[in-house]
Structures are given as structure tokens and as C-alpha cells.
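Trainee: Could you walk me through this one slowly?

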Amino acid sequence: MQYGKFITFEGIDGAGKSTHLAWLERFLQEKGLEVLVTREPGGTVLGEALRALLLDQRRTMHAETEALLMFAARREHLDKVILPALERGAWVISDRFTDASFAYQGGGRGMALEKLEQLEHWVQEGFSPDLTLYFDVPVEVSRERLQSARAADRFERELDDFFERVRQAYLQRARQFPQRIRVIDGSSSLEKVKAAVTEIVEKFWSTQFDRDGKE
Ligand code: TYD
């Protein structure tokens with residue numbers, strides 16, 4: 001049985017990743033694949049309980065507590081959902097993964113990147129997504145989009161300079177892993193963003209087939 005692929009979606013809050021995630025799910029299903037869509041923090045019963053704690057705007061916590069809880073949820077997510085699905089050949093799409101910890105806890109909260117790297121090695125043992133779509137938008141654009149959405153969670157209540165640091169940390173991560181992380185300009189029209197996503201995904205799809213020696 002061929003292993004599935006793991007694709008993650010990233011961006012600051014309000015970058016518009018959800019619309020494109022739903023589109024990718026359909027695209028892959030039409031190729032005849034089993035597709036599993038999940039999210040972080042969350043994706044398991046325990047992970048969703050941790051998500052509720054992490055996003056609750058009445059709560060405060062140390063940046064490292066926040067990171068440890070994110071990685072605790074991730075450990076469970078990998079063990080119970082992501083790895084078993086990939087092993088049975090399903091393609092897994094996750095709305096956020098470890099790049100978000102580097103962006104939010106690292107960039108946003110200022111946690112030392114070395115500590116995050118240690119957690120990443122500990123929890124993932126070298127495992128990482130096959131492809132990451134990062135939707136890049138200026139903070140003002142994401143703010144406008146968020147204002148029309150529902151009540152702000154603990155992260156969405158942060159100030160603009162927090163999101164600017166998150167955005168810069170994502171861009172830094174994209175420079176560090178240029179093969180895996182594809183930066184998409186999320187501020188252009190829906191059609192243009194969709195065209196960019198389509199191009200990246202179709203290219204990724206065809207390289208998988210070439211590399212795996214099929215067709
Ligand atoms: P988000 O994915 O934006 O969900 P929704 O669309 O329902 O608001 O919310 C998750 C929040 O968690 C988001 O603000 C980013 C944050 N987060 C981290 O800070 N670190 C992480 O490792 C992950 C996965 C998410």
C-alpha cells in the first residue's frame with residue numbers, strides 16, 4: 001500500500017485558508033483518493049479539549065505552557081489520526097500544524113526557537129508535511145476580514161504587532177524550507193488565489209506520480 005501525503009494550510013488569522021482548503025479536499029476526492037481533513041490544535045477528543053483551553057479568551061498562560069499544550073495535542077493527533085490515515089494510503093489535509101507553533105509561540109510570543117525545535121524533534125521524530133500552503137496577507141487585510149467574522153478567540157484578540165511578528169515568522173520559516181512551504185499571496189482576488197493554489201497542487205500531484213513511478 002502506497003503511503004498518503006500530508007498537506008498543511010497556514011496563515012495568520014483571517015488569511016482565508018478555509019475556502020481553499022475545502023477546494024483542495026474536493027480536488028483530491030475527484031482524483032479518487034481517500035481524503036481526511038483535520039485541524040490543529042484539535043483533531044482528536046483530547047486535542048479538541050486542549051483547543052478549548054488554548055482558545056478560551058478568559059484564560060492566560062505562559063508562552064511555554066501554550067507551546068507544550070500545542071505539542072501535546074499534536075502528539076495525540078499524529079498517533080491517533082494523521083499517521084494511521086497516511087499508513088492506509090489516505091491523503092491528510094490539516095488546517096495548521098507545527099509551522100503555526102513557530103509563528104505564534106515563536107514569533108508572536110517570543111519563545112526561543114531552539115526550544116520549539118526540541119519539541120518538534122521530540123514529538124515528530126523527523127516527520128513533517130509533504131507540502132505546506134502558506135497564505136500571506138498584510139495584517140490590515142486579515143483584520144478587516146476578521147471583523148466581520150464571529151467573536152474573537154484568545155489569539156485573535158492580540159494586537160497588530162503580535163500578528164506582524166507571526167507573519168514575519170511564517171515568512172522566515174518559508175525561507176528556511178522553500179521546497180516544502182509555498183507562499184501564496186492571499187490578498188489578491190479569490191480567483192487569483194485559487195489559480196495559484198491550483199497550480200501548486202497540480203504540480204505537486206504530478207511530481208508525486210513521477211517520483212512514485214506510476215503512469
Ligand atoms: P484557527 O486555526 O484560526 O481556527 P479558527 O478558524 O476556528 O479561528 O485557530 C487556531 C488558533 O491557534 C490560531 O489563532 C493559531 C493558534 N495556533 C498556535 O498558536 N499554535 C499552534 O501550534 C497552532 C496549531 C495554532
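This is a predicted model: local features need pLDDT of at least 70, side-chain atom pairs count only at pLDDT 80 or more; totals for chains, interfaces and linings use all residues.

Trainee: Is helix 4 buried or exposed?

Mentor: Helix 4 (residues 98–108) is largely enclosed by the rest of the structure, because 11 of its 11 residues are buried. Buried means under 20% relative accessible area, exposed over 50% and partly exposed in between, with a 1.4 Å probe and protein chains only; helices (H or I, at least four residues) and strands (E, at least two) are DSSP runs, numbered from the N terminus.

Trainee: And what covers those buried residues?

Mentor: The cover includes strand 1 (6–11), helix 3 (63–87) and helix 5 (113–124), as well as strand 4 (131–136), helix 7 (160–176) and strand 5 (181–185).

Trainee: Switching to the ligand, which element gives the most to the shell around it?

Mentor: Helix 4 does, with four residues.

Trainee: Which residues come nearest to the ligand?

Mentor: Of the 16 residues around the ligand, the nearest are Asp13, Arg96, Ser101, Gln105 and Arg150, where a residue counts as near if one of its heavy atoms lies within 4 Å. An oxygen atom of the ligand is 2.9 Å from an N or O atom in the side chain of Asp13, and for the side chain of Arg51 the corresponding distance is 3.1 Å.

How values were computed: Residues are numbered from 1 along each chain as its sequence is written. Side-chain values use heavy atoms; hydrogens and water are left out. Contact means heavy atoms within 4.5 Å. A polar contact is a pair of N or O atoms within 3.5 Å; within protein, one must be able to donate a hydrogen and the other to accept it, and residues adjacent in sequence count only if both atoms are side-chain atoms.
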